[in-house]
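Please look over the model below before reading the points. They are arranged by region, with the conventions given as they come up.

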Amino acid sequence: MPESSTPAIEQNTFETQRTETEENEDLLSSLERDPGLRIPMWDYPYEKRDQIRRAYLKLKPYQPILKSFSFSGPDSHRRRFQSSWYKKFPDWLEYSPSQDAAFCLLCYLFSNKPNPNTKTFTMVGFSNWKKVNDGNNCPFITHVGGSPCSAHNNSVRAKLDLLNDRGHIRHALIAQGEEQIKRNRLRLRTSIDVVRLLTLQSCPLRGHDESETSENQGNFLEFRKAFARYNDEVSKAIENPDYNAKYVASSIQKEILQIISAKVRNHIREEIGESKFCIIVDEARDEARREQMAIVLRFVDKNGSIRERFLQLVRVNDTSATTLKRELCLVLKEHNLLVENIHGQGYDGASNMRGEWNGLQALFLADCPYAYYVHCFAHRLQLALVAASKEVSSVHQFFSNLNFIINTINSSPKRHDELQARKTAEIEDLLLSGQLETGRGANQIGTLKRAGDTRWASHLQSIHSSGEFSLVSTGARPPQRFSHNTKRILTFNIKIL
Ligand SMILES: [Zn+2]
């Protein structure tokens, strides 16, 4: 395609140029030269007038030098037009042989409506020749006028504006406007990129103190500044913002985030298409202790691959099944997803979700008979493992004691510091004796982690973190550096382990 398009464009350009030249030539040849026979400028279509004016200006004023100009006036004192007058007013004075009268080219060209002040030199024609030699009362001089705002001088300025169109205020404004639009766009693009980057890295946007005097204005503003340091154009756009177009307000940041999230959701919606889908829902409380419902959709895309997409996090007032269903239906409706197309539901085993009569799954099943409920396998595995581990007394006792030790240490910053100091000393000893090697990221001291009741994997993490501090090694004795009380508790538990 590119090979064939280039000549086509060139040909088109050539054709356009040829047509324009031809049009101009046609226009020049069609213009009436005799000012007494011309049609008024306002009879031409508005959009054509500038082109006609330029053509007339190119032709220059019509100043024929006739062998004999017609005589007029009384027989005793006959007068006629003098071609020497052209030299006095070379830019505008014209003579009409048909009317035997003088005209002003400029006033003719730049009159957009009948004007009584210029009527004599544009429409009627001046032929009272005897007045021409009347000193300052010469009608040619009075036509020009002494004031810069005389009708004729306005025409002169209009001519200069037309010929110097590029310097016209309109063009200056357009050029300035384009520059401003470019700067504003760059500023907005920088804000969008920063928001996108921070969101991708799960970093907060705002700072505690975003004032001009703040040493750290928060991630969003600091990242913008960092971008500006590496690019002069961005720097110029950011450092000289227009008053109302800084694009840094928190409302702008939120708007950008909303637009990005809407785009992601639209993409997910396109992926789903007309497919059937499953809903996976779980509730959680955020830091502010507000109930949130996370909605995940599982479906087969048009390539036949199974996709699981996190769609939305919805704030809910309570976790009753009816509230959850209402909110879910609103989200599905918002994305034009039909409840009848739900072919599966996956929740945890809480009664409000799995309840056979009033649980969320039962409510959806009433609307859609294929919305089979599956108790989330991750939750089930979790429950099975916790239940099974409690049946084995040694395992149960192990984790109970491990939790007790971790609680004992973590509940007191003093004990925690003692343990950290001991671990540091131990690593130093091992490094000195050559039993440990140094390296990037190696030998870091972590913190003790409790095993959670709802996440089986946390049991392993708990053992790992405890192992780092040698709390689960057999036969270990609490080190001498621990305080008496801590030593007593640890000795008791280590014996059990
Ligand atoms: Zn004039």
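Which residue is the bridge partner of I280 in β8? The partner is G346.

1. Basis of the note. This is a predicted model, in which local features need pLDDT of at least 70 and side-chain atom pairs count only at pLDDT 80 or more, while totals for chains, interfaces and linings use all residues. Residues are numbered from 1 along each chain as its sequence is written, and side-chain values use heavy atoms, with hydrogens and water left out.

2. Overall content. The protein chain has 19 helices and nine strands. These elements are DSSP runs numbered from the N terminus, helices being H or I of at least four residues and strands being E of at least two. Of the 497 residues of the protein chain, 34% count as buried; buried means under 20% relative accessible area, exposed over 50%, and partly exposed in between, with a 1.4 Å probe and protein chains only. The accessible surface of the protein chain comes to about 32100 Å², and 52% of that belongs to carbon and sulfur atoms. Areas come from the Shrake-Rupley method with a 1.4 Å probe, and for residues only the protein chains shown count as cover. Among contacts in the protein chain with a separation of 6 or more, 58% are between residues 24 or more positions apart. A contact means heavy atoms within 4.5 Å.

3. The sheet. An open sheet is formed by five strands in the order β7-β6-β5-β8-β9, with mixed pairing. The edges are β7 (306-315) and β9 (373-375), each with a single partner strand, so one side of each has no neighbour in the sheet. From one strand to the next, the twist averages 25 degrees. Two strands count as paired if DSSP finds at least two bridges between them. In general, strands of a sheet pair through backbone hydrogen bonds, either parallel or antiparallel.

4. Strand β8 and its neighbours. Strand β5 (residues 277-285) and β8 (residues 342-347) pair in the parallel sense over three bridges. One of the bridge partners is I342 in β8, which pairs with F277. On the other pairing, β8 and β9 run parallel and are joined by three bridges; Y347 stands opposite H375 in β9. Five of the six residues of β8 are buried, so this strand is largely enclosed by the rest of the structure.

5. The β6-β7 hairpin. Nine bridges join β6 to β7, and the two strands run antiparallel. R298 stands opposite E308 in β7. Five residues lie between the strands of this hairpin, where G304 takes a positive phi near 90 degrees.

6. Helix α15 (residues 377-391) lies across β5 and β9, at about 35 degrees to β9. For these angles, axes are lines fitted to C-alpha atoms, for helices over the stretch in contact, and values run from 0 to 180 degrees between N-to-C directions.

7. The zinc site. Which residues supply the protein donors of the zinc ion? They are C104 (SG), C107 (SG), H143 (NE2) and H152 (ND1), lying 1.9 to 2.2 Å from the ion. Donors are N, O and S atoms within 2.8 Å of the metal (3.2 Å for Na, K and Ca); water is not among the atoms, so sites may look incomplete. The angles among the four donor atoms are 104 to 116 degrees, and the site is tetrahedral, a label given to four donors if all angles lie between 85 and 135 degrees. The donor spacing in sequence is C-x2-C-x35-H-x8-H. C104 lies in strand β4 (residues 101-104) and H143 in helix α6 (residues 139-144), so the pair ties together parts that are 39 residues apart in sequence. Both C104 and H143 are buried.

8. Backbone points to check. D100, in the loop between β3 (93-96) and β4, has a positive phi of about 50 degrees although it is not a glycine. D100 is buried, with a relative accessible area of 12%. S202, in the loop between α8 (169-200) and α9 (219-229), also is a residue other than glycine with a positive phi, near 55 degrees. At 65% relative accessibility, S202 counts as exposed.

Methods:
Tetrahedral: all angles 85-135°; square planar, octahedral: opposite > 155°, others 65-115°.
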